[in-house]
Amino acid sequence: MNIHVYPNDLEASAKAAGLIIEQVRNKPDSLFSLAAGSTPLKTFSLLVEAVRQGKADFDQCRFASLDEWVGLDGSVQGSCRQTMNDHFFRLVGILDKNIRFFDGKSEDLTRECADMDSFIEGNGRIDMLLLGIGLNGHLGFNEPGVNPDLYSHVTELDPITKQVSVKYFDPPQAVASGITLGLRHVMEARTVILLASGSHKAEIVRSAFHDQGSPTERIPASLLREHPNFHLCLDQSAAEQLI
Ligand code: F6R
C-alpha cells in the first residue's frame, strides 16, 4: 500500500491525475474505470487541462463504468454516467464506442452485468481504477458485507449510501439499488488509486487503513490493503486520524 498525504485536496487530486497521465503515456490504449461522485471532480478538471495542453491523450483508451444507480441512465442529472459525461468524457472528446457504461434503466440487469464482465475480459483486465470511498467503506457499490468473489452485480444499497445519495440529485431520486463492478474486478485491476478528501472521510479512512486493522468485507475498502499495486491519495483532513 502506497500512502500519499498532501496538504490539500487539490494536491491529492493532482497526484491521482499524475498517476493517470503516466498510465496513458505508458499504455495509450489503457482500460480505465473511474468513479463518479464528488471526490474525483478536481482530478477530472486536471485531466481535461492536461488534454487541452497536449500533455495527455485518451483517444485510444477504453472506459468501463464503475457503477450506476438502478433506475437511472445517463439522461438523469446526478447519474454516474451524466457526471462522467459532464466532467470528463465530453470535455476531452471520448467517443461512445470507447465507453462501456452500465445502463441502470435496463430491463435486464443480469445481462448488463454479463456484458460488462465480457467487455472487461475481452480487454484483458482493468489497467487503472480510480475509486472514492463511501462513508461506510464502500467501493463503487460494493457495500459492507459484500461477497468479495463477485464480478459485476446488482445490490441493495446500504442505508448510509441512500442517505448520502441526496447530495447528487436535484430533483431528488428514490434510489434503492445499484449496479457495480465487483471486488474481483477491483482486486484484478493492475493499479488501483483511492482518492479521499475532507475530514468527513477521516474516520472511515482510519477504519479501513490503519496499521493494526485487518482486511474485512465489512469494510470493503480495507481489502485494498492486499492489492499489490495500490495508491491511497489523501488530503491532510482525510488522513488526520490515520497518522
Ligand atoms: C461513485 C462511486 C462511489 C463513490 C463514493 C464516494 O461512482 O463509485 O463509491 O466513490 O460513494 O462518493 P463521494 O466522492 O461523492 O464522496
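Predicted model: local features only at pLDDT ≥ 70, side-chain atom pairs only at ≥ 80, totals over all residues.
**Entry 1: the whole chain**

I started with the overall build. The protein chain has eight helices and 10 strands. Its C-alpha trace spans about 45 × 40 × 35 Å along the principal axes. Then I checked contacts with a separation of 6 or more: residues 24 or more positions apart account for 79% of them.

**Entry 2: the seven-strand sheet**

Next I went after the sheet. It is an open sheet of seven strands, paired in parallel, and I wrote the order down as β1-β10-β9-β6-β2-β3-β5. Which strands sit at the edges? They are β1 (2-6) and β5 (99-100), and each pairs on one side only. A reminder to myself: strands of a sheet pair through backbone hydrogen bonds, either parallel or antiparallel.

I picked two pairs to look at up close. β6, residues 128-131, runs parallel to β9 with four bridges between them, and L131 has L194 in β9 as its bridge partner. β2 and β3 (residues 62-64) are also parallel, over two bridges. There, F32 is bridged to F63 in β3.

What about the two faces of β2? Both are covered: L31 and S33 are buried on one side, and F32 and L34 are buried on the other.

**Entry 3: β7 and β8**

β7 pairs with β8 in the antiparallel sense, over four bridges. Opposite V154 I found I179 of β8.

**Entry 4: helices α1 and α2**

I checked the lengths of two helices. α1 has 18 residues and reaches 26 Å from first C-alpha to last, close to the 26 Å expected at 1.5 Å a residue. α2 (residues 41-52) has 12 residues and reaches 17 Å, close to the expected 16 Å.

Then I asked which residues of each helix are buried. In α1 they are D9, A12, S13, K15, A16, A17, I20 and V24. What covers them includes β1, α2, β6, β9 and β10 (230-235). In α2 the buried residues are K42, T43, F44, L46, L47 and V51. Those pack against α1 (9-26), α3 (80-92) and β9 (191-196).

Most residues other than glycine have a negative phi, and most peptide bonds are trans. With that in mind, I looked just after α2 and found G54 with a positive phi of about 75°. I also looked up the peptide bond from D170 to P171, which is cis, with omega near 5°. P171 is in the loop between α5 (159-165) and β8 (177-180).

V166 is in the loop between α5 and β8. Is V166 buried or exposed? V166 is exposed, because 12 other C-beta atoms lie within 10 Å, and a residue with 12 or fewer counts as exposed.

N85 is in helix α3. N85 has 18 other C-beta atoms within 10 Å, so it is partly exposed. Leaving out residues up to four places away in sequence, N85 touches G74 and R90. From N85 to F58 is 27 residues in sequence and 14 Å in space, C-alpha to C-alpha.

**Entry 5: around the ligand**

I finished with the ligand. Which of the 14 residues around the ligand come nearest? They are A36, G37, S38, T39 and G132. I then sorted the shell by type: six residues are nonpolar, seven are polar and one is charged.

Notes. Residues numbered from 1 in each chain as written. Contact = placed C-beta atoms within 7 Å. Expected span 1.5 Å × (residues − 1). Buried ≥ 20, exposed ≤ 12 C-beta atoms within 10 Å, placed from the backbone. Pairing = 2+ DSSP bridges. Near = placed C-beta within 6 Å. Nonpolar A, V, L, I, M, F, W, Y, C, P; charged D, E, K, R; others polar.
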